[in-house]
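Subject: Model for you to look at

Hi,

Here is the structure I promised to pass on. Could you open it and keep it beside you while you read the notes?

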Amino acid sequence: MGTIRKVGNIMRLFSEKEPELGLSDIARRMNLSTSGTHDLMDGLRKIGMVQRVARGRYRLGPMIASLYRVLIDTSALVDTARPTLERLVADYGETVHLTVLDRSRLVVADAIEGGKALRVARSILDDLDAHETPVGMLHLSVAGRTRQEAYFADHANARTPLLPPERRETDLAAMARDGFAAGPVATERDVICTAALLRNHTEIPFAAVSLCIPKARYDEQPRAFRTICQTAAARISADLGSCAW
């Protein structure tokens with residue numbers, strides 16, 4: 001927690017009046033050693049939170065802009081989708097997620113944990129690569145060939161192996177056509193995720209709603225869960241201004 005607080009305080013040093021700061025200045029304001037500050041800034045640079053613009057000088061990095069864009073893009077989405085997500089949980093008791101794809105990263109914009117005694121934790125999609133989840137693959141299916149190729153190249157040695165290229169292409173095409181995907185989550189073979197695409201007022205698929213269900217419960221009525229998920233997606237899409245549904 002101490003390191004997280006330091007990182008937060010360092011990020012707050014950057015402002016409109018001071019968009020660029022030197023290493024020694026950051027160390028002085030934070031009351032840290034120069035070597036310790038260098039290690040922190042180098043770590044932040046590697047993940048894109050800051051960028052080095054000159055020797056020992058830094059600005060906010062590209063990840064800040066990316067996260068800000070996700071926040072702006074998803075705030076209206078969350079407000080619009082929340083009533084439907086709450087109704088889903090109230091009616092069926094299963095855990096629901098609202099997700100977007102930020103470049104190659106699956107982002108959970110909202111989540112509500114189910115109310116049944118046996119339920120899936122809302123954190124199940126946290127820190128997973130897109131290809132490890134049906135909802136992530138659904139996002140990739142409509143991301144375009146260039147982004148797909150870049151993603152699979154970047155994840156060639158991922159902890160969860162990629163599907164063979166020929167099967168991958170077939171599966172993605174089917175998902176894009178149907179606007180729907182279902183299957184296990186990563187190595188959690190006893191959890192099934194069903195996901196359906198959301199479309200905005202320009203009819204572009206840009207988000208997804210999903211249900212995470214214990215496999216034993218899902219196997220009793222897979223068609224019903226598909227209908228539930230797709231109906232929720234249609235309702236949210238209509239609320240967002242889509243006429244496609």
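Below is what I found, taken part by part.

First, the ground rules. This is a predicted model, in which local features need pLDDT of at least 70 and side-chain atom pairs count only at pLDDT 80 or more, while totals for chains, interfaces and linings use all residues. Residues are numbered from 1 along each chain as its sequence is written, and side-chain values use heavy atoms, with hydrogens and water left out.

Helix 3 has 13 residues and reaches 18 Å from its first C-alpha to its last, close to the 18 Å expected at 1.5 Å a residue (the expected span is 1.5 Å times one less than the number of residues). Its buried residues are Thr37, Leu40, Met41, Asp42 and Leu44 (buried is under 20% relative accessible area, exposed is over 50%, and partly exposed is in between, with a 1.4 Å probe and protein chains only). Their cover includes helix 1 (2-13), helix 2 (23-30), strand 2 (50-54) and strand 3 (57-60). Just after helix 3, Gly48 has a positive phi of about 85°.

Helix 1 packs on helix 3 at an angle of about 80°, with the axes 11 Å apart (axes are lines fitted to C-alpha atoms, for helices over the stretch in contact, and angles run from 0 to 180 degrees between N-to-C directions). The two helices are therefore roughly perpendicular (65 to 115 degrees; under 35 is roughly parallel, over 145 roughly antiparallel, and the rest oblique). Thr3, Lys6, Val7, Ile10 and Met11 of helix 1 meet Leu40, Met41 and Leu44 of helix 3 (contact means heavy atoms within 4.5 Å).

There's another crossing further along. Helix 5 (residues 134-141) and helix 7 (residues 165-178) have axes that come within 8 Å and cross at roughly 85°. That makes helix 5 roughly perpendicular to helix 7. Met137, Leu138, Leu140 and Ser141 of helix 5 make the contact with Arg168, Leu172, Met175 and Ala176 of helix 7.

Now the inside. In the largest nonpolar core, with 27 residues, Leu85, Leu198, Val209 and Leu211 touch the most other members (a nonpolar core is a set of buried Ala, Val, Leu, Ile, Met, Phe, Trp, Tyr and Cys residues joined through side-chain atoms within 4.5 Å). At least two residues of this core come from each of helix 4 (62-92), strand 4 (95-102), strand 5 (105-112), strand 7 (188-199), strand 8 (205-214) and helix 9 (222-239). A second, separate core has 25 residues, including Leu125, Leu128, Ala130 and Met175.

Arg217 sits in helix 8 (residues 215-220) and is buried, at a relative accessible area of 18%. Leaving out residues up to four places away in sequence, Arg217 touches Glu94, Lys116, Leu118, Arg119 and Phe225.

Finally, two loop residues to check. Most residues other than glycine have a negative phi. Asn31, however, has a positive phi near 60°; Asn31 lies in the loop between helix 2 and helix 3 and counts as exposed at 72% relative accessibility. Glu203 has a positive phi near 70°, lies in the loop between strand 7 and strand 8, and is partly exposed at 26%.

Cheers

How values were computed:
Helices (H or I, at least four residues) and strands (E, at least two) are DSSP runs, numbered from the N terminus.
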